[in-house]
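Subject: Handing over a structure

Hi there,

Here is the structure I promised to pass on to you. Please open it first, and then read my notes below.

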Amino acid sequence: MGRIALLLAWTLPLLVALAPAPTKAGEFRNIGFIFSAIKEDRVYNTLAVSALKPFEERPDLRIRQRVVETEEESRRAIRDFAERGVDIILALGDMHAAAIQSEAASFPNVRFTLIDGEAQGPNIR
């Protein structure tokens, strides 16, 4: 039972954040996902990669991914994604909390979801 609870705890925020908003025909959502240190860690990042797979096949979504190792790299990834039209930025790990907290206000039209960390703001989940 613990394994199922862990799976739901990690994938449900992803699914909620990726839930499609109404779009006009031909439009798509741009989603950026920021991983901490390594994508295939055989734990949480690997679980997130697995959860992303079905969404990568949807024609109405464009998913970009970045692996970062420092808070400054996280800030740069956030700014880069937002400046390139990413609508939703998901970050996995507490190391992204300060970067999201400081950058989210600069991009009020971008939704941020921090998984396994805490940050607050009107466009942060």
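Is Arg66 buried, partly exposed or exposed? Arg66 is partly exposed, with a relative accessible area of 28%; buried here means under 20% relative accessible area, exposed over 50%, and partly exposed in between, with a 1.4 Å probe and protein chains only.

Before you go further, please keep in mind that this is a predicted model, in which local features need pLDDT of at least 70 and side-chain atom pairs count only at pLDDT 80 or more, while totals for chains, interfaces and linings use all residues. Residues are numbered from 1 along each chain as its sequence is written, and side-chain values use heavy atoms, with hydrogens and water left out.

Let me stay with Arg66 for a moment. Its partner in a salt bridge is Asp80, with the closest N and O atoms 2.4 Å apart (a salt bridge is a side-chain nitrogen of Lys or Arg within 4 Å of a carboxyl oxygen of Asp or Glu). Since Arg66 sits in strand S2 (residues 61-68) and Asp80 in helix H3, the pair ties together parts that are 14 residues apart in sequence. Helices (H or I, at least four residues) and strands (E, at least two) are DSSP runs, numbered from the N terminus. Asp80 counts as buried, at 17% relative accessibility. Asp80 also meets Arg84 in a salt bridge (3.1 Å, N to O), and Arg84 is exposed, with a relative accessible area of 54%.

In total, the structure holds eight salt bridges. Another one joins the side chains of Arg79 and Glu103 (3.1 Å, N to O). This pair links distant parts of the chain, with Arg79 in helix H3 and Glu103 in helix H4, 24 residues apart. Arg79 is partly exposed at 26% relative accessibility, whereas Glu103 is buried at 10%. Both belong to a network of salt bridges that also takes in Glu71, Glu72 and Arg75.

Ile78 touches Ile34, Ile89, Ala99, Ile100, Glu103 and Phe112, leaving out residues up to four places away in sequence; contact means heavy atoms within 4.5 Å.

Ser74 is also found in helix H3, and Ser74 is buried, with a relative accessible area of 0%. Beyond its neighbours within four places in sequence, Ser74 is in contact with Ile34, Val68, His96 and Ala99. The side chains of Ser74 and His96 are joined by a polar contact of 2.7 Å (a pair of N or O atoms within 3.5 Å; within protein, one must be able to donate a hydrogen and the other to accept it, and residues adjacent in sequence count only if both atoms are side-chain atoms).

Best wishes
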